[in-house]
Structure formats: C-alpha cells, structure tokens
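Please work through the following exercises with the sequence and the model side by side, trying each task before reading its solution.

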Amino acid sequence: MNKTYSVITGTGSYIPENIISGDHFMESSFFDKGIKLDKENTEIINKFSEITEIVERRYADPHLLNSNIATVAAKRAIAAAGIDKESLDQIIFAHNFGDVKLASNRMDMLPALAAKVKLELQIENPDCVAYDLIFGCPGWVQGVIQADYLIRSGDAKKVMVIGSEMLSRIIDPHDRDSMIFSDGSGAVIFEARSSDEPLGVIAHKSQTFANYASLLTMGCSNNPDEKNGNTYLKMNGRKLYEFAVINVPQVVKIAIDKAGIGLSAIKTVFIHQANGKMDNAIMKRLFKLYGLDEVPENLVPMTISWLGNSSVATIPTLIDLVVNGKVEGYQARAGEYAVFASVGAGMHINAVVYRF
C-alpha cells in the first residue's frame, strides 16, 4: 500500500570564507566568574581545542546578515532540487538570533527571516508560507519534523527547511567558550513521494527538559567592567556535556525503535556538531544502550574541527556536504538509513530516522 513520505530532493549550504584559527584569540582577555584568567592565551586556546576538537571556525563577511547567507543556501538547494521556486508550499527558517549587524549585538526578527529569504528569492506566490522556528540548536531537525507533518497531512508537497546562524555576532569576546561558535547556513528541500516501502522521514522523537534551561542562556559579559547592557550566549559547558551524554542517546534510541529497525541498519548519523568529544561520548552511550561496546568506523561524519559549531546550520550543512561527496569516507546511498540528532537550548533534544 502506497504511503506519502517526505523525501530530500535538494540540498544547499553556505560556508563563510573567513577562516578563524586559534591565533585570532591570541590577544583576547578571558575572564571566568569576573576574574581574569592568569593562564597564557596559548595554553587556553590549545586546551580548548583538545577538549572540543575545534581547530578552526568560520565567520561571515561584515556586510552580510543571517538572512543573506540563508538565501545563498536556499538558492543552491532549489537549484539542486531542480524545482520552480514558486512551487514551494512552505519555507521554515530555524534560527535563534535573527539578523544581527556587526558590532551591534541587537537582534532583528521582524519581519521573520523566512519572509526576508522569500523576498530575496523573489518568490511571489502568496501560498508559499514563510515562518521562523526558534528551538535552540535542534531547530533545523524540528523544522524537518514540522515539514514531515505538513507533507503527510497533504497540506504541502514541497517544503524548504533552512538552518542558519551567525553566532559570531552574539558571543562574548571575554568568554573562552565563545571559541566554539561559528557562522553558517544550510537548506534542504523535502518533497512528497508515494512509496510502498519506507522512504525519507520514517520516524522521529522530540523532548524538552525545561528544568535544564539554565545550561544555555543569554547573560552579561564575563568582563565585569563591561557596562553596555549587551547580553551574550552563555553555557555551562560541563553540565551541558553531562546532560547531553545521558539524554541524547535515549531520544535517538526511541526514534530508532519507533522506526522498527535495528541499530545495525543505521549507516550514517548526522549529529549536531557541538563538541567533538561530546558527540563521540553520545555515540558510545547509544551503542551501550543496545548492549554494544564498539561504534563502527565511518558512521558519524564530523565537520566541527574546521567549521566549528554553527548551531542550527551544522546538520543541514553536513548533509549537503555528504550528499555532494565532500566528506571523505561518507556517502548518502539509496536505501540506507540515517539519523539526524541534535541537542541545545531549551533544553531540547530531537532525532529523525531517515531513509535515503
């Protein structure tokens, strides 16, 4: 019996050209709890890279806004899908900080960034509904879940889900954790397909742990002398690590079990690029839940070492790179199962089981 499934037909991404190495932070003044760190910056930077596996990150050009880089990714996804842009039923834009001008630290979310992208794409069709989704780093995955509901209901046949962020505009230069964050954009087009075999989005699971919301919030600068009223992205790295390693594997397992397949059927895990060591620990714990001690090689493509953490953009960017053969050792092969999984501010966790 034929069913309607949500299938990826086009992907696109925008990776800023500005490579920010550890040297960029050599002149920074880092504080912790209002006290200037007495360690040399070289030691701070090297220790950070050791913990996170991040060597480089990307920052967008000064004149660009989040909606601008999202439009580039969107254009590439539309071209890859080979569709008429006017045929899009929905544009879902996952982000968290809107458009932020360089050095302003003020968020602009009105109109919705999705509407701005629609305008830049010059889509005239009023039935193409464009709206934003604010869901922390798991926003793009949640947008995929929304798109799947729309497509399965019959209300939409083509939905573009964008994940785009410019975290370089809202980080505290006096917080060493800010070295984790990056800019980037990814867009993926999902279309309705009829099939008598499971295809595309097969199952998903989301959870919100609001009692852990304090792990990732907005707060004042670590530098007690800063009195400009700005707020910056703040996280409790150690506690967040513990929370993710314990809870993310549980959510992923629920999604896999819901799909009615075994863990061995999963050939690729597209996990949010938050922290290299944390992602590795999450995967080890997931396999432990199935009574397995070893995580297979070439299961989890990683870009965090050279792209950093671009929040909602990490997974769609990673998918675009793998689909286009730009991550060595990884392919999106027809018939194979994959997982998209993320964790972030909320605290939200979600996972999608997808069959290429």
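**Exercise 1.** Does Glu53, at 30% relative accessibility, count as buried, partly exposed or exposed?

*Solution.* The model is a predicted one, and the first step is to find Glu53 in the loop between helix 1 (41-52) and strand 5 (56-59). Buried means under 20% relative accessible area and exposed means over 50%, so Glu53, at 30% relative accessibility, counts as partly exposed.

**Exercise 2.** Work out how helix 2 and helix 3 are oriented to each other.

*Solution.* Begin with the geometry: helix 2 (residues 66-81) and helix 3 (residues 113-120) pack at an angle of about 55°, with their axes 9 Å apart. Angles of 65 to 115 degrees count as roughly perpendicular and those under 35 degrees as roughly parallel, and the two helices are therefore oblique to each other. The crossing in which helix 2 passes helix 3 is right-handed. The contact is made by Asn66, Ser67, Asn68, Ala70, Thr71, Ala74 and Lys75 of helix 2, together with Leu113, Lys116, Val117 and Glu120 of helix 3. By type, the residues of this contact divide into four nonpolar, four polar and three charged.

**Exercise 3.** Locate the two cis peptide bonds described below, one ending at Pro111 and one ending at Met347.

*Solution.* Leu110 and Pro111 are joined by a cis peptide bond with omega of about 0°, and Pro111 is found in the loop between strand 8 (107-108) and helix 3. The peptide bond from Gly346 to Met347 is also cis, with omega near -10°, and Met347 is found in the loop between strand 16 (337-344) and strand 17 (348-355).

Definitions and conventions. Residues numbered from 1 in each chain as written. Predicted model: local features only at pLDDT ≥ 70, side-chain atom pairs only at ≥ 80, totals over all residues. Heavy atoms only, no water. Axes fitted to C-alpha atoms, helices over the stretch in contact; angles between N-to-C directions. Helix = DSSP H or I, 4+ residues; strand = E, 2+ residues; numbered from the N terminus. Parallel < 35°, antiparallel > 145°, perpendicular 65-115°, else oblique. Left-handed = near helix turned anticlockwise from the far one by under 90°. Contact = heavy atoms within 4.5 Å. Nonpolar A, V, L, I, M, F, W, Y, C, P; charged D, E, K, R; others polar. Buried < 20%, exposed > 50% of the residue type's maximum accessible area, 1.4 Å probe, protein only.
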